[in-house]
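Here is a friendly briefing to read alongside the structure. Take a look at the model, and then walk through the topics below.

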Amino acid sequence: MTNHTWHVGELKITKLFEQIFSLPAVKLYPEVTEEQLQHFADGMTRESPLAMSVHSWLVESPQGRFLIDTATGNGKSRPFSPMFDQLNSPWMDNFLATGLRPEDIDYVLHTHLHTDHVGWNTRWDGERWVATFPNARWVIPEGEIAWYQTPESVPRAIIFADSVQPLIEAGKVATITDNGGEYLPGIHFLPTHGHSISHMSIAFASAGQIALFTGDVMHSKLQVSHPELASVFCRDKTAAHHARTWLFDYAIKHQATLFTVHFSGSAVGQLSPAGEGAIWTEM
Ligand SMILES: [Zn+2]
Ligand SMILES: [Zn+2]
């Protein structure tokens, strides 16, 4: 597969594709109505498939080379999720096709720590899980790490054990407080909590333009026109709805280019206002 790239200011941004699968609309959005689906696409029903992509983003900038989340990874045991269990995807081939090597990554920034966002953090060296990007510094919202110390996280403990803990033990992790803020000049973590406990979106400002990495604030274009719809994966539906409308306002005000994670198509676009939601213009 050829990687697709975009330019925002001085940033070169590349989509690193992992896999695409589909779910019936009603599985992803249990509360979705036929009326909302009809409004979204003619003939669509609650049983119609919605395509979901999993990918991550590579940002090459004068400040360094960044990965924004690291997809699901290969060879990880995920017994709770057939879509993600023991994957053997071409993600690393796609990364190497950019001409970079794992040693070239300076930073890995995380929106949150779900299984489909952290997997390539580590690889199996024959004895243990080690950092895939040996020279990188990982930056993680501190509440996302703290959640994995709570009883609620126990069914997902394996994710932290194989994809985050080895990096902490190797001294490679920095944290961002739940209030977010500027990590490097022009690179801001924006609190968009709700989908997960301390979820962040990440904005890169460059030459007067903004690239906005949304994380899992939304999962498909259906939520652009209907931000009130919560996905089955969202922990706090009210907070997630608030985060969506807040992020839409931010994106429209700054004319940001959005880089989403689970949208089908390019997954890149801009928003313009429309009633309670927004209109998506794909780029
Ligand atoms: Zn998520
Ligand atoms: Zn996700």
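Thr257 is buried, with a relative accessibility of 7%, and its place is in strand β14, residues 257-260. The side chain of Thr257 makes a polar contact of 3.3 Å with that of Gln270. Please keep in mind that this is a predicted model.

**Two buried serines**

- Ser61 sits in strand β3, which covers residues 49-61.
- Ser61 has a relative accessibility of 15%, and because the cut-off for buried is under 20%, Ser61 counts as buried.
- A polar atom of the Ser61 side chain lies 2.8 Å from the backbone nitrogen of Gln63.
- Ser153 belongs to the loop between α5 and α6, the latter being residues 157-163.
- Ser153 is buried too, with a relative accessible area of 2%.
- From Ser153 to Glu142 the separation is eleven residues in sequence, and their C-alpha atoms are 15 Å apart in space.

**The zinc ion (ligand 1)**

- Which protein donors hold the zinc ion (ligand 1)? They are His112 through NE2, His114 through ND1, His195 through NE2 and Asp216 through OD, at 2.1 to 2.3 Å.
- Along the chain, the donors of the zinc ion (ligand 1) are spaced as H-x1-H-x80-H-x20-D.
- The angles subtended by the four donor atoms around the zinc ion (ligand 1) run from 92 to 170°, which makes the arrangement irregular.
- His112 is in the loop between β5 (107-109) and α4, while Asp216 is in the loop between β13 and α8, so this pair ties together parts that are 104 residues apart in sequence.
- For reference when reading the angles, four tetrahedral donors have an ideal angle of 109.5 degrees.

**The zinc ion (ligand 2)**

- The zinc ion (ligand 2) is coordinated at 2.0 to 2.3 Å by Asp116 (OD), His117 (NE2), Asp216 (OD) and His262 (NE2).
- The spacing of the donors of the zinc ion (ligand 2) along the chain reads D-H-x98-D-x45-H.
- What is the geometry at the zinc ion (ligand 2)? The site is irregular, with angles of 85 to 159° among its four donor atoms.
- Asp216 is the bridge between the zinc ion (ligand 2) and the zinc ion (ligand 1), and the two ions lie 3.4 Å apart.
- Asp116 comes from helix α4 (residues 115-118) and Asp216 from the loop between β13 (209-215) and α8 (222-225), so the pair ties together parts 100 residues apart in sequence.
- Asp116 is buried at a relative accessible area of 8%.
- Asp216 is likewise buried, with a relative accessibility of 2%.

**The largest pocket**

- The largest pocket holds about 560 Å³ of space.
- The lining of the largest pocket is made of 27 residues, and those closest to its centre are His114, Thr115, Asp116, Arg156 and Phe233.
- Helices α4 and α5 (142-147) each give at least two residues to the lining of the largest pocket.
- How does the lining of the largest pocket divide by class? There are 14 nonpolar, seven polar and six charged residues.

- As background, most residues other than glycine have a negative phi.
- Asp69 has a positive phi, near 65°, and is not a glycine.
- Asp69 is placed in the loop between β4 (64-68) and α3 (91-96).
- Is Asp69 buried or exposed? Asp69 counts as buried, at 2% relative accessibility.
- Ala207 also has a positive phi, about 50°, without being a glycine.
- Ala207 is in the loop between β12 (200-206) and β13.
- Ala207 is exposed, with a relative accessible area of 61%.

Methods:
Residues numbered from 1 in each chain as written. Chains lettered and ligands numbered in written order. Predicted model: local features only at pLDDT ≥ 70, side-chain atom pairs only at ≥ 80, totals over all residues. Heavy atoms only, no water. Donors = N, O, S within 2.8 Å, 3.2 Å for Na, K, Ca; no water. Tetrahedral: all angles 85-135°; square planar, octahedral: opposite > 155°, others 65-115°. Helix = DSSP H or I, 4+ residues; strand = E, 2+ residues; numbered from the N terminus. Buried < 20%, exposed > 50% of the residue type's maximum accessible area, 1.4 Å probe, protein only. 1 Å grid on protein atoms, 1.4 Å probe; cavity = no way out; pocket = protein on both sides within 12 Å on 5 of 7 lines; lining within 4 Å. Points joined across faces, edges and corners; volume = space filled by probe spheres on them. Nonpolar A, V, L, I, M, F, W, Y, C, P; charged D, E, K, R; others polar. Polar contact = N/O pair within 3.5 Å; in protein donor to acceptor, adjacent residues only side chain to side chain.
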